[in-house]
Amino acid sequence: MEKLRIIFMGTPEFAVGILDTIIKNNYDVVGVITAADKPAGRGQKIKYSAVKEYALANDLTLLQPTSLKDESFLEELKSLNANLQIVVAFRMLPKVVWEMPSLGTFNLHASLLPDYRGAAPINWAIINGETKTGVTTFFIDDKIDTGAMILNSEIAIEPAENAGQLHDRLMHLGSQTVIDTLQIIEKGNVTTTIQKDNAEIKTAYKLNKENCKIDWTKSGDEINNLIRGLSPYPASWCFLKDKNEELSIKIYEAKLIEEAHSHEIGSLISSKKEIKIAIANGFVQLLSLQFPGKKRMQVEELLNGITFSETAKVY
């Protein structure tokens, strides 16, 4: 049994959960690589990645290269003398990095590969109305999320679950799957499965302003799935027009009401306690939303300080 000397690469909170599990299982993490610091927010203050915060708190050797091909970084990486690298929610690695350790470099991806390769697998699984998803470990190759698979674990997506809730459950599932993968590699009996491409593979496209916007002409299920799949981040959005004012609002939580009506699609119907948006097969009742420059609010709280006209609409 070969003793593992691990370099861990990752950036967001999802990666922290995996790294913490590796440490708590007494594996030797000889180095951590994360994104370079960058300014964020209105004040443009320097923000550390979640993985950097964890590495500093646990006194782990930390590298933050701006270029993964930089000669000084590659020398430093080599000097750590790792025999295995683990990547979780980082970035594409050049061949000179992923082929460096003798036991290879494996990635944990939050989907059942080959489906949902790409940047936002958790979000798109919900947006597309999937009833199950999971995690996969695979050895990295020269393309994105295409390498030979080691292990996968499956989980059901609950009907009302949002992306944040699924993220947390997949982080726990992924932590155990990484430990199982490490035990297989440690024992030297790894078997892999080559990913098979086909025309029906679904992609986890990068999220942007355009694909996060709600199209109110779609079915209630499609709208609800988009809202769930983007909550709490980056959040679905739309325009709200009322009294000659147009606002861009974010919607975090809603529920469907199937009901025949004669309202125009996109009409906003409000009372002192609720807001409903007319859609083709009923209404979407808004439960939690955010106006520009305001905090996220429950609808009841919002309606304490605002009223809408009968001509209010969203689009």
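**Helix packing and nonpolar cores**

1. In this predicted model, helix 1 (residues 13-24) packs with helix 6 at an angle of about 40°, and their axes are 9 Å apart. Helix 1 is therefore oblique to helix 6. The two helices, helix 1 and helix 6, form a right-handed crossing.

2. Which residues make the contact between helix 1 and helix 6? From helix 1 come Glu13, Phe14, Gly17, Ile18, Thr21 and Ile22, which meet His167, Leu170, Met171, Gly174, Ser175, Val178, Ile179 and Leu182 of helix 6. Sorted by class, this contact of helix 1 with helix 6 holds eight nonpolar, five polar and one charged residues.

3. Helix 1 also packs with helix 2 (residues 50-57), at an angle of about 30° and with the axes 8 Å apart. Because angles under 35 degrees count as roughly parallel, helix 1 and helix 2 are roughly parallel to each other.

4. On the helix 1 side of this second contact are Glu13, Ala15, Val16, Leu19, Asp20 and Ile23, and they meet Ala50, Val51 and Tyr54 in helix 2. The contact of helix 1 with helix 2 comprises seven nonpolar, no polar and two charged residues.

5. As background to the interior, nonpolar side chains in soluble globular proteins tend to be buried together. Here the largest nonpolar core has 37 residues, and the members touching the most others are Phe8, Ile22, Ile86 and Leu182. Helix 6 (residues 163-187) supplies the largest share of this core, eight residues. Apart from this core lies another, of 34 residues, with Ile127, Ile251, Ala254 and Ile279 among them.

6. Leaving aside residues up to four places away in sequence, Leu182 touches Leu4, Ile6, Ile22, Tyr27, Leu84, Ile86 and Phe106.

7. Is Phe8 buried or exposed? Phe8, which is found in strand 1 (residues 5-10), has 0% relative accessibility and therefore counts as buried. Residues up to four places away in sequence aside, Phe8 touches Ala15, Ile18, Leu19, Ile22, Val29, Gly31, Val32, Ile33, Ile86 and Val88.

8. Phe8 and Ile86 are 78 residues apart in sequence, while their C-alpha atoms are 4.9 Å apart in space.

Technical notes:
Residues are numbered from 1 along each chain as its sequence is written. This is a predicted model: local features need pLDDT of at least 70, side-chain atom pairs count only at pLDDT 80 or more; totals for chains, interfaces and linings use all residues. Side-chain values use heavy atoms; hydrogens and water are left out. A nonpolar core is a set of buried Ala, Val, Leu, Ile, Met, Phe, Trp, Tyr and Cys residues joined through side-chain atoms within 4.5 Å. Buried means under 20% relative accessible area, exposed over 50%, partly exposed in between (1.4 Å probe, protein chains only). Helices (H or I, at least four residues) and strands (E, at least two) are DSSP runs, numbered from the N terminus. Contact means heavy atoms within 4.5 Å. Axes are lines fitted to C-alpha atoms, for helices over the stretch in contact, and angles run from 0 to 180 degrees between N-to-C directions. Angles under 35 degrees count as roughly parallel, over 145 as roughly antiparallel, 65 to 115 as roughly perpendicular and the rest as oblique. A crossing is left-handed if the near helix is turned anticlockwise from the far one by less than a right angle, and right-handed if clockwise. Ala, Val, Leu, Ile, Met, Phe, Trp, Tyr, Cys and Pro count as nonpolar, Asp, Glu, Lys and Arg as charged, and the others, Gly among them, as polar.
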